[in-house]
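Subject: The structure, and some notes on it

Hi there,

Here is the structure I promised to pass on. Have it open while you read, and my notes follow just below.

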Amino acid sequence: MTNADRMHSAPLQKGWYARNEISVTPWLFLIPAMLMFALYVIWPISQSFYTSLFEWDGLSEAEYIGLANYEKLLTRDRAFNISIWNNAKWLVFYLLAIPGGLFIALFLNQTVPGIRLYKSLFFFPFVISQIVVGLVFTWFYDPTFGLFNGIIGIFGFDPVNVLGDPKLATYGIIIAGLWPQTAYCMILYLTGLNAVDPEQIEAARLDGAKGLKMLWYVILPQLRPATFIAFVVTVIGALRSFDLISIMTNGGPFGSTRVLSFYMFEKSLSEYGFKMGYGAAIAVILFLIMLLFIGYFLFRMYQDEKAGH
Amino acid sequence: MFPKPIEKSTRSTQLTYQALLPFALLLWLAPLIAVALFAIRPAVDFTTGNYWGMPSELQFFENFGQVLNSAMPRYIMNSFLITIPTVLGAVSLSAMAGFALGIYKFKSNLFLFFMFIAGNFVPFQILMIPVRDLTLDLGLYDTKTGLILFHIAFQTGFCTLFMRNFIKALPFELIEAARVEGIREWQIFFYIVLPLMKPALAALSVLIFTFIWNDYFWAIVLTQGENAQPVTAGITSFNAQFRAMYHLMSAGSIVAALPPVAMFFLMQKHFIAGLTLGAVK
């Protein structure tokens with residue numbers, strides 16, 4: 001007896017739920033998640049768009065000013081320019097985590113005694129909170145006692161105050177961020193490598209492929225799912241960077257390490273007064289940038305869904 | 001390098017590789033090892049400039065004892081009281097939502113699913129002002145509950161993606177067979193799907209535990225003081241209190257990082273299964 005038969009043969013005296021079970025049940029199971037998600041995620045997004053059209057200190061009456069916040073941001077705000085430029089740096093250099101992770105994964109993908117422990121210990125930085133990573137690297141860079149200056153001192157370089165130099169500070173923070181992110185990509189690739197088909201490799205080897213050629217033409221195509229996920233999480237991570245900046249430099253020196261996410265927070269909730277409308281406008285711009293990537297991810301997933309069924 | 005198993009190479013290559021491993025690890029974890037070494041030094045080493053030489057004295061217990069005598073245990077407790085309810089809440093909500101989206105075919109299914117995914121990717125800043133206002137309006141500002149509710153809602157996005165894909169991969173014949181047996185739809189969830197979801201539930205719980213424990217942004221947006229702040233935010237006040245006392249700040253960082261690290265090493269298999277979902281087809 002199929003479902004349809006059973007539903008048709010259900011006697012009428014059965015309750016409403018029994019008759020509509022298959023169409024109603026999914027909604028019953030979805031409602032709690034949907035309510036929470038709508039209240040805390042979907043609705044706030046639209047509210048931020050709305051708030052960005054006002055001048056508002058969070059307390060007194062908000063004043064409608066149209067697109068003036070955006071106009072000021074895009075034409076007259078130097079800090080905004082620096083932030084968006086730094087976001088671009090984050091995006092580009094953070095992606096180094098992908099080849100870095102691949103390299104370590106290839107290095108560790110062997111079977112020798114104790115390799116499992118090595119893999120876990122290499123992954124370690126990802127488990128620690130970014131706050132602790134930030135502190136660790138702040139001390140690592142410290143001009144008086146940091147390990148970093150100790151190391152470059154061995155090679156005869158003068159001490160560098162990485163985080164105190166407006167030209168270097170952002171790169172210093174990105175390197176701190178790359179540490180856990182590379183570990184993340186590494187674990188994605190290690191799992192991917194487990195699933196690589198040994199027969200294909202053997203076949204390629206018989207054909208004379210080895211080294212980089214083998215990697216490029218045989219291994220990497222099989223690692224595409226891992227690369228895609230690594231790309232997604234790295235881009236999201238780069239645009240979300242906030243914790244490290246907040247802990248390591250607090251946006252300084254001279255505002256040189258701000259990114260949009262940090263600048264937005266600073267404008268909206270800092271000691272210089274609450275500029276909620278202006279902050280919301282920054283958030284909207286960051287959101288729109290992110291939306292480009294989200295759109296791309298969803299498009300890829302949609303294609304997978306269609307291909308899968 | 002990879003494609004060639006090391007067993008097939010010469011003896012000397014094997015030995016070089018095995019010697020290289022600990023060296024590479026040491027290099028990789030150097031910043032962390034430095035902090036661990038700081039944490040056992042006495043204060044006097046920092047005033048005399050003895051940062052990297054032999055510690056003049058081992059002060060492991062003194063330093064960590066002092067951390068435990070500060071507000072730190074309070075913050076750690078807050079972190080647990082925020083993280084555990086969030087894990088339970090997000091995992092249950094998303095198990096249900098994942099069941100609905102993975103088993104049933106209805107018109108808006110894919111749309112809702114993509115909504116959850118998209119929401120999970122949005123920058124926090126677009127939510128910040130409205131969520132802070134909402135929390136204030138609900139009278140939950142600077143409470144653990146306020147933080148928990150938001151975390152549950154936000155994590156539901158990622159968790160639903162995870163759960164739905166897991167459930168979708170279960171053999172559908174099981175559901176059909178149950179229906180033929182006349183089992184109620186809601187019973188299918190509790191008696192058939194839920195028991196099969198154990199690995200996904202474990203993986204997700206460990207992962208969310210780490211994510212929430214390590215959250216800093218929402219902690220500083222939605223909480224303020226010792227009553228509610230988790231350890232990621234608390235550590236900044238701890239550091240302000242012990243400014244320039246690097247041995248204590250190092251010990252404090254280690255204590256703050258410990259629970260997710262312990263979780264990871266205990267539940268490694270689940271953690272990695274959670275993290276790499278989708279990385280293998």
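Let me begin with how the two chains meet. In this predicted model, 78 residues of chain A are in contact with 79 residues of chain B. On the chain A side, the largest share comes from helix α2 (residues 16-51), which supplies 20 residues. By class, the residues of chain A that touch chain B are 57 nonpolar, 17 polar and four charged.

As background, most peptide bonds are trans, and most residues other than glycine have a negative phi.

That second point matters for two other residues. A:Asn250, also in the loop between α13 and α14 of chain A, has a positive phi, near 50°, although it is not a glycine. A:Phe254 sits in that loop between α13 and α14 of chain A too, and its phi is likewise positive for a residue other than glycine, near 55°.

How exposed are these two? A:Asn250 counts as partly exposed because it has 13 C-beta neighbours inside 10 Å, and the exposed class stops at 12 or fewer. A:Phe254 has 10 other C-beta atoms within 10 Å, so it is exposed.

Now over to chain B, which is divided into domain 1 (6-61) and domain 2 (68-275). The C-alpha centres of these two domains of chain B lie 34 Å apart. Where they touch, domain 1 of chain B contributes nine residues to the contact and domain 2 of chain B contributes seven.

Which elements of domain 1 give two or more residues to the side that touches domain 2 of chain B? They are α2 (30-38) and α3 (43-47) of chain B. Of the elements on this side of domain 1, α2(B) gives the most, with three residues. Sorted by class, the side of domain 1 of chain B that touches domain 2 has seven nonpolar residues, one polar and one charged.

Definitions and conventions: Residues numbered from 1 in each chain as written. Chains lettered and ligands numbered in written order. Predicted model: local features only at pLDDT ≥ 70, side-chain atom pairs only at ≥ 80, totals over all residues. Contact = placed C-beta atoms within 7 Å. Helix = DSSP H or I, 4+ residues; strand = E, 2+ residues; numbered from the N terminus. Nonpolar A, V, L, I, M, F, W, Y, C, P; charged D, E, K, R; others polar. Buried ≥ 20, exposed ≤ 12 C-beta atoms within 10 Å, placed from the backbone. Domains from an automatic or database assignment.
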